[in-house]
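Dear colleague,

I am passing on the structure below, followed by an account of what I found in it. Please read the notes alongside the coordinates.

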Amino acid sequence: MDSVDRKILAELQQDGRLTVTELAARVRLSVSPCHRRLRELERTGAIRGYRAVVDPAAVGLNFEALVFVSMRQEDRDTVAEFERALGEVEHVLEAQRLFGDPDYLLRIATADLAAFQRLYDERLATLPGVQRLTSTLVMKHVVEGRPLPSTRA
């Protein structure tokens, strides 16, 4: 990956709806070489996809919490079953497996506190291998959606 590829990635992180013609102009390439580079970035997985960034409040998800999960046991089968089941919980926006304790960090969005409580009690607490859940509420997003620093030219 060279500096031109990094410029392409930086531009697309700012505006994923750029046409190839607009992108080529911004990175100072002709359209054909820009298109080839773009397709190669997609093929190699440097670009994993394109999507709209939706305001959670606009779709009624006004409540956000971070949930820390400590596992009772961490054998391969339990971890795999937990992660599979977690992937089916649509209100889990992000999930990271961590080193140390706790074992996982989840970012959850629901309509309100009552909906979060139901999700917590009925789904999260019943996931395979869960020993303890600890939650904290998100008061405000200070930094979000920032482009990756390695893509800045």
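Between which two helices does the loop that holds Arg-28 lie? Arg-28 sits in the loop between α2 (20-27) and α3 (31-43), where helices (H or I, at least four residues) and strands (E, at least two) are DSSP runs, numbered from the N terminus. Although Arg-28 is not a glycine, its phi is positive, at about 65°. With a relative accessibility of 75%, Arg-28 counts as exposed; here buried means under 20% relative accessible area, exposed over 50%, and partly exposed in between, with a 1.4 Å probe and protein chains only.

Before the rest, some conventions. This is a predicted model, in which local features need pLDDT of at least 70 and side-chain atom pairs count only at pLDDT 80 or more, while totals for chains, interfaces and linings use all residues. Residues are numbered from 1 along each chain as its sequence is written, and side-chain values use heavy atoms, with hydrogens and water left out.

Overall architecture

The protein chain has 5 helices and 4 strands, and from the N terminus on its elements run α-α-α-β-α-β-β-α-β. Its radius of gyration is 20 Å, well over the 15 Å that the globule rule gives for 153 residues, so the chain is more spread out than a compact globule; the radius is taken over C-alpha atoms, and the rule is 2.2 Å times the number of residues to the power 0.38. Along the principal axes, the C-alpha trace spans about 55 × 35 × 25 Å. Buried residues make up 29% of the 153 residues. Of the contacts (heavy atoms within 4.5 Å) with a separation of 6 or more, 63% are between residues 24 or more positions apart.

The chain exposes about 10500 Å², of which carbon and sulfur atoms supply 50%; accessible areas come from the Shrake-Rupley method with a 1.4 Å probe, and for residues only the protein chains shown count as cover. As for charge, the mean positions of the 22 positive and 23 negative charges are 8 Å apart. Lys and Arg count as positive and Asp and Glu as negative, whereas His and the chain ends are not counted, and the place of a charge is taken as NZ of Lys, CZ of Arg, CG of Asp or CD of Glu.

Aromatic pairs

A search of the whole structure finds 3 aromatic pairs. Rings of Phe, Tyr and Trp (its six-membered ring) pair if their centres lie within 6.5 Å, and planes under 30 degrees apart count as stacked, over 60 as edge-to-face and the rest as tilted. The rings of Phe-63 and Phe-116 have centres 5.5 Å apart and planes at 40°, so this pair is tilted. Because Phe-63 lies in strand β1 (residues 63-71) and Phe-116 in helix α5 (residues 113-122), the pair ties together parts that are 53 residues apart in sequence. Both Phe-63 and Phe-116 are buried.

Phe-82 and Tyr-104 form another tilted pair, at 4.6 Å centre to centre and with 50° between the planes. Phe-82 lies in helix α4 (residues 76-87) and Tyr-104 in strand β3 (residues 104-110), so this pair ties together parts that are 22 residues apart in sequence. Phe-82 is buried at 0% relative accessibility, and Tyr-104 is buried at 3%. Phe-63, Phe-116 and Tyr-120 form one aromatic cluster.

Around helix α5

Helix α5 also holds Ala-115, which is buried at 17% relative accessibility. The C-alpha atoms of Ala-115 and Phe-63 are 8.8 Å apart in space, although the two residues are 52 apart in sequence. Leu-119, which has its place in helix α5 as well, is buried at 8% relative accessibility. Not counting residues up to four places away in sequence, Leu-119 touches Val-89, His-91, Ile-108, Thr-110 and Leu-124.

Gln-96 is found in strand β2 (residues 92-97) and, at 31% relative accessibility, counts as partly exposed. Leaving aside neighbours within four places in sequence, Gln-96 is in contact with Asp-103, Tyr-104 and Leu-105. In the loop between β2 and β3 lies Pro-102, and a cis peptide bond with omega of about 5° joins Asp-101 to Pro-102.
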